[in-house]
Amino acid sequence: MTIGIALALGAVIGVLLGLLGGGGSILAVPALVYVLGLGINQAIPMSLIVVGTASAVGALPKIRAGQVQWRLAAIFAAAGIPATFVGTAIGRHLPQSVLLIGFAVVMVVAGIRLLQDNGDTGTACKVGDSGINWRRCAPRSIPAGFLVGLLTGLFGVGGGFLIIPALVLMLGVEMPIAIGTSLLIIVVNSAAGVVSHVSVGSIDWAITGAFVGTAIVGSLVAGHLGIRLDTRRLQHWFAYLVFAVAAYVLIDTIFIR
């Protein structure tokens, strides 16, 4: 039964990653904690393995379609990797209840970002005849990359809900390229997060393998569909689901436990 649930949840997470370029980890940690009964220190590295692997597979169709900005992904990753270790170190000194409440707050922020319909884009990385203005783009990318890495280490989230708005609204990257670039950044940050959490929590490889298997399939299929689909309505429904799960986490942590 446990493996069957893991298979189903992995498929959902993979589809979300493939379609939206992020969001899967927002559900992965609560699913592992509340549905499968794992501790958060165990759930975080398992979530990062699932999300990182599924993101890598989901990025393949984006790479083939030319929807990845490699240098921008490298800047985010360079800032995010050390921040991931900082976040992990902070999380080791916090009780599970504090981590869960913090995670619920992150979920609310993610939901709000998903609901915001803003067709405008920033200009810091705007591509013109001469390409990206790296002198303006890099300094703005580094703080955003650090914040995403910090959240990855602290809560086990991939950070797509922050990466994509940063790329689109702050830096002027087009949405299709932002999604593909986000998936690459999630892969690198997730790998760093797994390494930083290895000594913190044990990994149930059977459950992780079940998650990864169906997440890969879901991410790959959804990645192909996502090239052609308008995902705005899906983002709204997913945001409402995120709010509901966040409310459950807060109620359970504050009033029940």
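Q: Why does isoleucine 251 count as partly exposed?
A: In this predicted model, isoleucine 251 has 47% relative accessibility. Buried means under 20% and exposed means over 50%, so a value of 47% falls in between and the residue counts as partly exposed.

Q: Where does isoleucine 251 lie, and which nonpolar patch includes this residue?
A: Isoleucine 251 lies in helix H10. The surface patch is formed by Ile101, Val105, Val109, Ile251, Ile254 and Phe255, with about 560 Å² of accessible area together. Helix H5 (96–115) and helix H10 (232–256) are the elements that give two or more residues to this patch.

Q: How many aromatic pairs does the structure hold, and why is the pair of tyrosine 34 and tyrosine 248 called edge-to-face?
A: There are two aromatic pairs. The ring centres of tyrosine 34 and tyrosine 248 are 5.2 Å apart, and pairing asks for centres within 6.5 Å. Tyrosine 34 belongs to helix H2 (residues 24–35) and tyrosine 248 to helix H10, 214 residues apart, which links distant parts of the chain.

Q: Is tyrosine 248 buried, exposed or partly exposed?
A: Its relative accessible area is 47%, between the cut-offs of 20% and 50%, so tyrosine 248 is partly exposed.

Q: Why are phenylalanine 103 and phenylalanine 155 called an edge-to-face pair?
A: Their ring centres lie 6.3 Å apart, within the 6.5 Å limit, and their planes are at 70 degrees, over the 60 needed, so this pair is edge-to-face. Phenylalanine 103 sits in helix H5 and phenylalanine 155 in helix H6 (residues 134–155), 52 residues apart.

Q: How do you know whether phenylalanine 103 and phenylalanine 155 are buried or exposed?
A: Buried means under 20%. Phenylalanine 103 has 2% relative accessibility, so this residue counts as buried. Phenylalanine 155 has a relative accessible area of 8%, so this one is buried too.

Q: Which residues touch the most other members of the largest nonpolar core?
A: Of its 68 residues, they are Ile26, Leu32, Phe76, Phe155, Phe161, Leu167 and Phe211. Helix H3 (residues 40–64) gives the most to this core, with 10 residues. Leucine 32 touches residues including Ala43, Met46, Ile207 and Phe211.

Definitions and conventions
Residues are numbered from 1 along each chain as its sequence is written. This is a predicted model: local features need pLDDT of at least 70, side-chain atom pairs count only at pLDDT 80 or more; totals for chains, interfaces and linings use all residues. Side-chain values use heavy atoms; hydrogens and water are left out. A nonpolar core is a set of buried Ala, Val, Leu, Ile, Met, Phe, Trp, Tyr and Cys residues joined through side-chain atoms within 4.5 Å. Buried means under 20% relative accessible area, exposed over 50%, partly exposed in between (1.4 Å probe, protein chains only). Helices (H or I, at least four residues) and strands (E, at least two) are DSSP runs, numbered from the N terminus. Contact means heavy atoms within 4.5 Å. Patches are made of residues with over 30% relative accessible area and no salt bridge: like charges are joined within 9 Å, nonpolar side chains (Val, Leu, Ile, Met, Phe, Trp, Tyr) within 5 Å. Accessible areas come from the Shrake-Rupley method with a 1.4 Å probe; for residues, only the protein chains shown count as cover. A salt bridge is a side-chain nitrogen of Lys or Arg within 4 Å of a carboxyl oxygen of Asp or Glu. Rings of Phe, Tyr and Trp (its six-membered ring) pair if their centres lie within 6.5 Å; planes under 30 degrees apart count as stacked, over 60 as edge-to-face and the rest as tilted. Lists of a residue's contacts leave out its neighbours within four places in sequence.
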